[in-house]
Amino acid sequence: MKMMALLVICSCLLSGILAKPPFPEKEKDPQFWHAGAQASLKSALELQNLNQGTAKNLILFLGDGMGVPTVTAARILRGQLSGHSGEETQLEMDRFPFVSLAKTYNTNAQVADSAGTATAYLCGVKANEGTVGVSAAAVRSQCNTTRGNEVTSILKWAKDAGKSVGIVTTTRVNHATPSAAYAHSVDRDWYSDNEMPPEALESGCKDIARQLFENIPDIDVIMGGGRKYMYPKTVADIEYPTNPKHRGTRNDERNLLEEWIDKTKNDRGYYVWNKKQLLSLNPNNVKYLLGLFEPSDLTYDLDRDKDSDPSLTEMVDVAIKILKNNPEGFYLLVEGGRIDHGHHEGKAKMALYEAVEMDRAIGRANLMTSIHDTLTVVTADHSHMFNFGGYTPRGNPIFGLAPMISDVDQKPFTSILYGNGPGYKLVNGARENVSTIDHHDANYQAQAAVPLAMETHGGEDVAVFAKGPMAHLLHGVHEQNYIPHVMAYAACIGQNHDHCHTTSGTAGFQPVLASIITALTVGRMLC
């Protein structure tokens with residue numbers, strides 16, 4: 001029996017090797033690898049001339065749940081979508097010159113949640129899981145621990161400094177990640193007053209949707225989902241008027257959307273809820289934009305109606321065009337939030353396509369900004385119990401089978417697997433044979449080692465990619481709350497001002513001054 005299994009495994013390996021497309025012929029030549037390494041070395045040496053200017057603009061791309069295995073798998077997927085084997089592909093974030101690691105634990109959790117981590121990379125302090133915009137002195141769900149423990153975010157620091165600010169997400173705009181930018185809540189699930197316990201309301205705590213409009217009332221750009229949390233239970237959704245689950249959720253009978261529209265309509269404020277409305281705007285004529293494209297989270301990119309729903313890239317494009325109207329610069333938070341949701345559901349294809357779309361959005365932002373005055377940071381809040389392996393050959397489809405079968409149960413397995421989650425399935429008391437089902441389907445739930453209704457986060461460090469002014473400060477291994485301190489330092493906002501005034505007012509002025517002096521000197525020599 002063991003011999004037969006070994007023969008089958010060898011047969012599978014051999015057939016996989018013979019069937020796979022050959023790697024590029026040029027890779028057989030050692031000079032190909034030497035030349036590539038030398039080019040990388042030259043680029044690295046050029047980085048010794050550090051960009052120590054002032055960042056006029058700040059952009060943070062947050063891939064929710066985008067651990068290192070997700071980045072690698074997304075790289076392969078993006079390459080394969082372009083007809084390549086995938087491994088050699090460069091993501092937009094791969095091109096960033098500085099990379100570091102962030103430790104993601106919450107103050108009370110070894111494996112973090114998205115709320116406590118958002119407080120870290122936005123507010124600069126680590127916090128307890130499930131809380132946003134409050135310090136670790138606040139206790140989850142205990143309203144009376146809120147007052148006095150509020151912490152502000154880099155979005156507010158930027159706004160106070162005169163910059164325009166924006167939030168773009170593929171989740172609800174009052175979900176964990178975006179809410180830490182403006183809210184102070186001891187419970188991330190208090191989306192509207194409907195989700196809050198009576199004692200919290202009686203004690204004066206506010207729901208997160210309400211805080212979106214009241215805490216920092218002049219956020220310039222807000223885009224994502226979450227319409228239903230903005231209006232009363234008596235109001236039907238504009239896009240799904242006959243679906244009761246999409247009706248408003250508010251008990252206080254306030255219509256936050258109408259309030260926002262009334263407040264901004266005479267100050268170039270626009271509310272949109274579909275792609276056509278969004279793309280018809282002239283960004284030069286917009287001061288405030290509120291775009292809510294779904295009652296709750298936006299649809300997965302694979303499920304997106306490309307005629308009516310904007311992509312993350314399209315939202316980022318419009319956001320930057322509007323924010324750039326401010327000569328003082330801007331701060332923009334962009335969240336690829338449904339990477340996380342795909343992993344929780346065990347749907348790796350959904351998650352990885354979300355990651356690829358966020359990478360496209362990064363590329364669009366790169367084209368619209370300059371490394372000379374814009375610090376761009378790409379990172380994740382936490383990882384997931386997601387991985388891929390199985391000695392797959394070069395160019396193996398990222399959602400495909402490993403080129404071998406198990407030497408224990410003699411069944412094939414996909415390269416992508418989860419440590420836990422809903423993909424754990426038994427058929428007649430044994431592991432499901434994945435060759436009998438469509439494991440390329442977008443809703444396929446990859447097999448998991450431990451059965452759970454929802455897959456969990458992972459606890460390892462996450463990558464931090466950076467480019468632009470002061471990007472070199474994001475190096476080595478740091479606590480996650482270090483990130484906004486670097487970004488604020490680069491932009492001379494928040495508590496970081498002293499270094500700005502010691503260099504003739506602004507560090508960013510030095511290169512310009514040097515160029516002027518050089519030009520005058522050359523001119524004098526010519527005369």
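Ser 100 is buried in this predicted model, because its relative accessibility is 4% and the buried class covers values under 20%. Ser 100 belongs to strand 2, which spans residues 98-103. Beyond the neighbours within four places in sequence, Ser 100 is in contact with Val 462, Ala 463, Val 464, Leu 474, His 475 and Gly 476.

Tyr 489, by contrast, is partly exposed at 28% relative accessible area. Tyr 489 is part of helix 14, residues 482-491. With residues up to four places away in sequence set aside, Tyr 489 touches Met 470, Leu 473, Asn 496 and His 499.

Four aromatic pairs are found in the whole structure. Two of them are set out below.

| Pair | Centre to centre | Angle between planes | Arrangement |
|---|---|---|---|
| Phe 32 and Trp 33 | 4.8 Å | 80° | edge-to-face |
| Tyr 191 and Tyr 229 | 5.3 Å | 40° | tilted |

Tyr 191 lies in the loop between helix 6 (176-179) and helix 7 (198-202), and Tyr 229 in the loop between strand 4 (221-225) and helix 9 (256-264), so the pair ties together parts 38 residues apart in sequence. Tyr 191 is buried at 10% relative accessible area, and Tyr 229 is buried at 4%. Phe 32 is partly exposed at 30%, as is Trp 33 at 49%.

Charged side chains also lie over rings. Arg 172 is placed over the face of Tyr 191, 4.6 Å from the ring centre. The charged end of Lys 126 sits over the ring of Tyr 105, 3.5 Å from its centre.

Key
Residues numbered from 1 in each chain as written. Predicted model: local features only at pLDDT ≥ 70, side-chain atom pairs only at ≥ 80, totals over all residues. Heavy atoms only, no water. Helix = DSSP H or I, 4+ residues; strand = E, 2+ residues; numbered from the N terminus. Buried < 20%, exposed > 50% of the residue type's maximum accessible area, 1.4 Å probe, protein only. Contact = heavy atoms within 4.5 Å. Phe/Tyr/Trp six-rings, centres within 6.5 Å; stacked < 30°, edge-to-face > 60°. Lys NZ or Arg CZ within 6 Å of the ring centre and 35° of its normal.
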